[in-house]
Amino acid sequence: MITVEGVTRVRGRTRILHEVGFTARPGRVTGFLGPNGAGKTSTLRVLLGLDRPQAGRALIDGRRYAELERPLTVAGALLDGSGAHRSRTARAHLRWVAASNGLPKGRVDEVLELVGLSADAGKRAGRYSLGMSRRLGLATALLGDPPVLILDEPVNGLDPAGIRWMRTFLRERADQGRTVLLSSHLMGELAETADDVVIIDQGRVVSAGTLAEVVGDHPTLEDAFLARTASRGAAW
Amino acid sequence: MVKSGMVNLVQAELRKLLWLPTAWVGLLLGLVAAPALVLVSAGGTRRAIEEGIAGDPSDTAFQPLGIGLLGALILGVVAVSSEYTSTGEDAPRARQLTTTLTAMPRRYRLVAAKAVALSLLVAVQGAITAVATLVLTEVVLGPLVPPADPGRAAAAVLYWVLLGLLSYALTLIFRNGIVTLTVLIVNSSVVSVSYLLTKVTPLAAYLPDIVGAHMFLNEVGDVDIAPLTAGLVMTAWVTALLGLGAWLFERREA
């Protein structure tokens with residue numbers, strides 16, 4: 001369960017998040033939707049304790065991420081890139097991450113298998129394609145077998161087969177009772193994947209609910225999205 | 001739980017450092033430089049001693065150890081700078097630091113774990129190098145130099161560990177390895193600003209990059225500082241700078 005309450009964040013003189021609040025529940029895929037620069041990544045970074053909000057709080061199972069003991073067993077995160085130093089092999093990267101949370105070495109090969117990287121585990125991360133980097137990032141998120149997954153634009157850079165694989169994969173995780181929160185600016189993709197949708201625009205949550213609730217009377221999620229964020233869309 | 005957590009963190013940081021090619025440059029440079037210097041300079045050193053212009057003969061065996069500190073400096077820098085290296089062209093703003101902080105979100109503990117891992121590596125490297133250098137000096141110069149005092153060898157290893165921590169602390173502060181390496185290497189090998197300053201005021205001899213040499217050498221510059229005093233001053237510098245670095249690291253956005 002993810003709870004974000006009244007998160008406000010100011011960088012320099014710009015207020016990039018304005019009292020952002022929503023929940024992501026177990027057993028469901030929650031889509032965090034918004035145009036580029038709307039505050040999706042900023043919100044996820046606050047949730048993961050990477051950046052600090054000026055007000056509000058973001059909790060995972062009732063606790064701040066930075067307070068978690070062995071956090072990888074509670075929540076797994078996929079952010080930009082693979083997260084691995086480019087001169088390290090995928091296996092070496094996953095081994096130190098596993099060690100940091102006291103996870104058994106055997107987990108490394110399990111997650112490599114799970115994301116389909118076993119054959120390339122000995123390659124340096126810097127030589128990975130974009131799709132392989134995303135898979136390595138996902139493998140890192142899965143190391144601790146966490147009940148919560150937080151993914152920033154997980155399908156970015158994936159080919160159609162990779163997108164379908166990711167969609168199925170996340171669906172299965174949610175069906176196992178896990179909480180899956182993923183951000184995206186791709187509406188068609190989210191409409192296929194998400195049970196619940198949170199729309200953010202210019203640092204404010206403008207709509208939240210089940211997919212059906214958010215779509216409402218609009219023909220598609222895309223129409224609903226453009227209607228809610230019309231203030232900006234006009235320029236196009 | 002807290003204790004086992006810390007052990008995990010140190011293990012992770014050791015693995016990170018040992019599986020990094022640039023760290024191995026530091027390790028190998030540290031291991032090879034000092035013994036190599038003994039061999040290369042053997043002829044000159046022998047002549048200097050025979051002509052009586054070598055200074056304190058008990059320093060002779062320890063002087064080459066100074067150059068090996070390059071390895072400790074590089075390790076200290078790499079421990080931090082590798083976190084800030086871009087992971088690849090696809091995502092130029094992505095860095096290993098994000099993974100590190102999501103795996104180990106308590107930042108003071110992380111800084112401490114890195115310091116422990118770095119100290120362990122430099123201590124092992126320093127001990128091997130010190131023994132190799134002193135034995136080699138004994139073989140090459142034989143009776144020309146007095147037998148090496150084990151206490152001074154230990155002090156030299158401690159000096160390396162402190163220098164490694166100093167470069168780690170500076171890189172935490174600057175978030176940039178080039179700045180640290182420029183300050184410490186240029187200052188310790190090409191033109192020592194700190195040493196020139198000692199000509200202005202003897203107090204400059206207590207600056208962090210040069211005071212430590214007094215821990216294991218009798219004759220350093222024009223100022224006499226007792227080994228224990230030097231060790232304490234150096235430790236105080238490292239503690240203060242590491243404290244500042246950790247405080248900045250805790251406050252900054254990742």
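## Basis

Residues are numbered from 1 along each chain as its sequence is written, and chains are lettered from A in the order in which they are written. Because the model is predicted, local features need pLDDT of at least 70 and side-chain atom pairs count only at pLDDT 80 or more, while totals for chains, interfaces and linings use all residues; side-chain values use heavy atoms, with hydrogens and water left out.

## Interface of chain B and chain A

Chain A brings 42 residues to the contact and chain B brings 35, where contact means heavy atoms within 4.5 Å. The buried area is about 3,100 Å², and carbon and sulfur atoms give 53% of that area. Buried area here is the accessible area (1.4 Å probe) that two parts lose on being put together, summed over both.

Three salt bridges cross the interface, a salt bridge being a side-chain nitrogen of Lys or Arg within 4 Å of a carboxyl oxygen of Asp or Glu. Arg106(B) pairs with Glu69(A) in a salt bridge, with 3.6 Å between the closest N and O atoms.

On the side of chain B that touches chain A, helices H1 (2-18), H5 (96-103), H6 (107-141) and H11 (227-251) of chain B each supply at least two residues. H5(B) gives the most, with seven residues. Helices (H or I, at least four residues) and strands (E, at least two) are DSSP runs, numbered from the N terminus.

## Salt bridges in the whole structure

Over all chains, the structure holds 22 salt bridges. One of them joins Asp51(A) and Arg9(A), at 3.7 Å from N to O. This pair links distant parts of the chain, 42 residues apart: Asp51(A) is in the loop between H1 and strand S4 (55-60) of chain A, and Arg9(A) is in strand S1 of chain A.

## Largest pocket

The largest pocket has a volume of about 1,000 Å³. On a 1 Å grid over the protein atoms alone, a pocket is an open set of points with protein on both sides within 12 Å along at least five of seven lines; a cavity is a set of points where a 1.4 Å probe fits but cannot get out; lining residues have an atom within 4 Å of a point. Grid points are joined across faces, edges and corners, and a volume is the space filled by probe spheres set on the points.

The pocket is lined by 42 residues, and those nearest its centre are Thr41(A), Arg45(A), Asp80(A), Asp152(A) and Arg93(B). H1(A) supplies the largest share of the lining, four residues.

## Cavities

The whole structure has five cavities of 30 Å³ or more. The largest cavity holds about 190 Å³. Its lining has 19 residues, with Ala77(A), Leu79(A), Thr140(A), Thr99(B) and Thr102(B) closest to the centre. H5(B) gives the most to this lining, with four residues.

The second largest cavity has a volume of about 60 Å³. Its lining includes Val80(B), Glu83(B), Lys114(B) and Phe249(B). Helix H4 (69-84), H6 and helix H7 (150-174) of chain B each supply at least two residues of this lining.
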